[in-house]
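Visitor: I'm new to this one. Can you put it up and walk me through it?
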Amino acid sequence: MLVTNLSDSDRTWVRERTELLFGGDLVVSRDVVHMPAELPGFICVEGSERVGLATFMIEGDSCELVTLDALCQWCGVGSALLDAVEKAAAAAGCSRVWMITTNDNIDALRFFQRRDFRISVVRPNGMEAIRKLKPGVPSNGHYGIPIRDEIELEKSLAGVGEGWRVV
Ligand SMILES: CC(C)(COP(=O)(O)OP(=O)(O)OC[C@H]1O[C@@H](n2cnc3c(N)ncnc32)[C@H](O)[C@@H]1OP(=O)(O)O)[C@@H](O)C(=O)NCCC(=O)NCCS
């Protein structure tokens with residue numbers, strides 16, 4: 001498995017994956033509209049197959065992980081991509097990485113908390129506002145759980161990427 005920088009030749013595929021995962025080519029977080037296909041990121045490849053992608057946005061000393069998408073679950077793809085984003089953020093001088101998920105996404109809540117992320121903000125019924133921008137967001141999500149609340153998680157990057165540099 002190899003993690004590489006997302007290149008322009010990957011962007012159509014990123015758009016397709018975003019549509020599949022988020023029901024459109026945009027992602028809304030904290031009222032900000034992101035187009036993942038236009039963001040920096042990483043892809044994970046196995047042989048000639050793309051098996052995952054991560055996109056992020058750096059603002060000040062914070063890095064938002066906008067999307068993390070593992071096509072093969074429980075194979076190490078998400079971990080490899082998250083590691084690459086954290087190291088890129090640390091190299092860019094960020095002190096924290098944060099992301100938003102929804103109350104139904106139990107696998108993501110587990111995955112991120114196992115990797116030192118902590119819940120920092122909960123917006124009960126936050127998805128009502130998101131649905132005004134993205135009416136296609138389904139009522140039910142993972143495990144048939146109603147998608148209602150936004151949950152932000154964050155991780156301090158202290159110590160991440162020490163001895164690592166971008167070449
Ligand atoms: C959340 C998500 C990114 C996790 O990615 P993933 O690739 O399944 O994660 P990993 O495989 O790296 O790690 C998951 C577990 O599998 C284990 N694992 C990794 N490789 C393994 C292998 N070869 N065999 C068995 N287990 C393995 C890891 O140890 C890890 O367990 P742990 O958390 O107890 O340490 C993925 O489920 C996903 O894409 N979900 C849909 C999109 C999403 O919700 N994104 C997040 C919000 S934007």
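Visitor: What should the 12 residues of helix 1 span, at 1.5 Å a residue?
Guide: They should span 16 Å, and the end C-alpha atoms of helix 1 (residues 11-22) are 16 Å apart, which agrees. The expected span is 1.5 Å times one less than the number of residues. Helices are DSSP runs of H or I with at least four residues, strands are runs of E with at least two, and both are numbered from the N terminus. This is a predicted model: local features need pLDDT of at least 70, side-chain atom pairs count only at pLDDT 80 or more, and totals for chains, interfaces and linings use all residues. Residues are numbered from 1 along each chain as its sequence is written.

Visitor: Which residues of helix 1 are buried?
Guide: Val 14, Arg 17 and Thr 18. They cover an arc of only 105° around the axis, so they sit on the same side of helix 1. The arc is taken from the directions from the helix axis to the C-beta atoms. Buried means 20 or more other C-beta atoms within 10 Å of the residue's own, exposed means 12 or fewer, and partly exposed lies in between; C-beta atoms are placed from the backbone.

Visitor: And what's on the face turned away from the buried side?
Guide: The exposed residues Thr 12, Glu 16 and Leu 20.

Visitor: What do the buried ones pack against?
Guide: Strand 2 (27-29), strand 5 (49-59) and strand 6 (62-70). Contact here means C-beta atoms, placed from the backbone, within 7 Å.

Visitor: New topic. What's the strand order in the open sheet?
Guide: The order is 1-4-5-6-7-9-8, seven strands with mixed pairing. Strand 1 (2-5) and strand 8 (118-123) are the edge strands, each pairing on one side only. Two strands pair if DSSP finds at least two bridges between them.

Visitor: How many bridges join strand 1 to strand 4?
Guide: Four, and the two strands run antiparallel. Asn 5 has Phe 42 in strand 4 as its bridge partner.

Visitor: Back to loops. Where is Arg 30 found?
Guide: In the loop between strand 2 and strand 3 (32-34). Arg 30 is exposed, with 12 other C-beta atoms within 10 Å.

Visitor: What about Trp 74: buried or exposed?
Guide: Exposed, with 9 C-beta neighbours inside 10 Å. Trp 74 is in the loop between strand 6 and helix 2 (77-91). Trp 74 has a positive phi of about 65°, although it is not a glycine.

Note on methods: Two residues are in contact if their C-beta atoms, placed from the backbone, lie within 7 Å.
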